[in-house]
Amino acid sequence: MASRTTDTPHNVRELRNYVGGSFVDGTRTFDNITPVDGTLLARVHEADQATVDRAVLAARETYEKVWGRMPVEGRAKLLYAVADGIEKRFDEFVAAESADTGKPRSLSSHLDIPRGAANFRIFADLIKSVGTECYPMDTPDGKGALNYTIRQPHGVVGVISPWNLPLLLSTWKIAPAMASGNCVILKPSEETPTTATLLAEVMHEVGIPPGAFNVVHGFGPNSAGEFIARHRGIDALTFTGETRTGSEIMRSASANVKALSFELGGKNPAIVFADCDFDAAIDGTTRSVFANCGQVCLSSERVYVERPIFDRFVAALKARAETMKIGRPEDASTQMGPLISREHRDKVLSYYTLAKAEGATVVTGGGAPRFGDERDGGAYVDPTIFTGLSEASRVQKEEIFGPVCHITPFDREEDAVRMANDTDYGLAAVIWTTNLTRAHRVSQQVLAGITWVNCWFLRDLRTPFGGMKLSGIGREGGQHALNFYSEQRNICIKL
Ligand code: NAD
């Protein structure tokens, strides 16, 4: 939970903005509170308009004089050093990510922090082999001409990131942006400011030129987020977060017609056919519904199960939900932590209440656990499964972003596809079947940026990633990211 403070708490960490190579105070601060037990973790310095302006100026100057002119090999070497620097302070990053988000350390140490480091290496490697196009052509007067493209960085790129996978998702953008030669202004989520600050320390330690990477802390509207979105000195903007926020950012950015890349929300379907490997489908669906407490844009909130195995599937998933160990991140046996904040817990619980009001059957959960210890000050909810709702219900339409799914039976493949596609979103889908022909057929019919067959969250980072419909604009990942983070210009020479 992040809330503004006016007083000065003692004995807590201070997180400052990183601007032009220096750590600088804000004019006011806000509290960073852990959802694990509600205690105060840090006092965060909020960047005002003047601080964001200074960051943009520093970024511009470094882009023009240093980073944008540095040979690719030099940039790649420094980005490798950033990856090494993250790994050198691995335990600190893991502890910070888990304290900010409440996620089990087993998750942040296997996913968030390793991927944060890997993102820098992957894009440092890719940028070394990026090519351009060249087309010889005939002109009307019979002479030849040569068309070729050059790639150029945009200049200054704004990155606005969410709280669910803080380091992983911000570096997914920072790394290709910097590899392409841009300087970056990062605005991490107000809920998770710590690993962004640690990343700034690493950038500082390994000698990234001052101004090439900047961190400004704060909120969205009337704060650092909006200052970035509106800023005339920022050439391109990449955002991950809620669809509604994406619309607001688009409005803010429209006056300056910035290049935009948006990774937004989802209401993702999983389709389970009766011919599936049942145990694998249960394992996979347990992960795709409950991992990271259901706070993954790719989570399955709508599960469609072919009728012959419906009762068995519901019973097996219920058993998994009810034996899930909920607890503190540092406890090695913890499988699920709290939600990001008590505010978000209230939102998720309001959907639990709504589901019941809409006539759902509560298979399991539907409330919040009581521990009788300090965790009661945290933001925990029960892993929850509903059945019995119509496709038109709000619980089936709106992204909840918690450890919850609704399971619907289906009789025919075309019914499953129709229901899966009956959504405004189009981010991810999962299909469980051992029928190869059906796997190909259905994965092409389901409208999603990524469709997994017999797996979930398996990512080759060279592939395009992004959403259809309200789930986003553009594709990032591999070459696709490098295309977004650069201007491609055409030069035509008559020979
Ligand atoms: P959010 O939209 O509330 O906030 C994201 C970021 O935007 C934060 O840094 C916030 O401070 C900033 N922000 C908020 N309002 C703003 C404004 N008006 N102008 C500028 N900045 C503003 O999202 P969240 O709650 O942090 O993250 C959860 C959401 O992110 C979910 O909807 C989830 O599906 C989505 N998400 C999508 C992907 C993807 O790849 N498609 C990945 C992760 C999360």
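Which domains does the domain assignment of the protein chain give? The assignment gives domain 1 (4-264 + 471-494) and domain 2 (268-467), with bounds that come from an automatic or database domain assignment. The structure is a predicted model, in which local features need pLDDT of at least 70 and side-chain atom pairs count only at pLDDT 80 or more, whereas totals for chains, interfaces and linings use all residues. Residues are numbered from 1 along each chain as its sequence is written, and side-chain values use heavy atoms, with hydrogens and water left out.

The C-alpha centres of domain 1 and domain 2 are 30 Å apart. Contact, taken as heavy atoms within 4.5 Å, links 36 residues of domain 1 with 39 residues of domain 2. The size of an interface is often given as the accessible area lost when the parts come together. Here the buried area, that is, the accessible area (1.4 Å probe) that two parts lose on being put together, summed over both, is about 2,800 Å² between domain 1 and domain 2, and carbon and sulfur atoms give 59% of it. On the side of domain 1, V36, W163 and S471 lose the most area to domain 2, together 21% of what that side buries.

The interior was described through nonpolar cores, each a set of buried Ala, Val, Leu, Ile, Met, Phe, Trp, Tyr and Cys residues joined through side-chain atoms within 4.5 Å; buried means under 20% relative accessible area, exposed over 50%, and partly exposed in between (1.4 Å probe, protein chains only). The largest nonpolar core holds 125 residues, of which F213 and L298 touch the most other members. Helix α5 (residues 166-179) gives the most to this core, with nine residues; helices (H or I, at least four residues) and strands (E, at least two) are DSSP runs, numbered from the N terminus. Because domain 1 and domain 2 both give residues to this core, it lies between them. When residues up to four places away in sequence are not counted, F213 touches Y18, I174, M178, V184, L186, L199, A200 and M203.

Seven strands form an open sheet of mixed pairing, in the order β16-β17-β18-β15-β14-β20-β21, where two strands pair if DSSP finds at least two bridges between them. At the edges are β16 (361-364) and β21 (450-453), each of which pairs on one side only. Neighbouring strands of this sheet are turned by 25° against each other on average, direction ignored; axes are lines fitted to C-alpha atoms, for helices over the stretch in contact, and angles run from 0 to 180 degrees between N-to-C directions. Strand β20 (residues 428-432) runs parallel to β21 and is joined to it by four bridges, with A429 opposite T451 in β21.

Helix α10 (residues 310-322) lies across β14 (268-272), β15 (300-306), β16, β17 (384-387) and β18 (404-410), and runs at about 170° to β18. Helix α13 (residues 413-421) packs on the sheet as well, touching β14, β15 and β18, and its direction makes about 150° with that of β18. Seven of the nine residues of α13 are buried, namely E413, D415, A416, V417, M419, A420 and N421. These buried residues pack against β14, β15, β18, α14 (436-445) and β22 (468-469).

Another pair of strands forms a hairpin: β5 and β6 have six residues between them, and G38 in the turn has a positive phi of about 80°. Strand β5 (residues 28-33) is mostly covered, with five of its six residues buried, and pairs with strand β6 (residues 40-46) in the antiparallel sense over six bridges. Within this pairing, I33 stands opposite L40 in β6.

Most residues other than glycine have a negative phi, and most peptide bonds are trans. N222, although not a glycine, has a positive phi of about 55°; N222 lies in the loop between β11 (213-215) and α7 (224-230) and is exposed, with a relative accessible area of 60%. K469, also a residue other than glycine, has a positive phi near 50°; K469 is found in strand β22 and counts as partly exposed at 39% relative accessibility.
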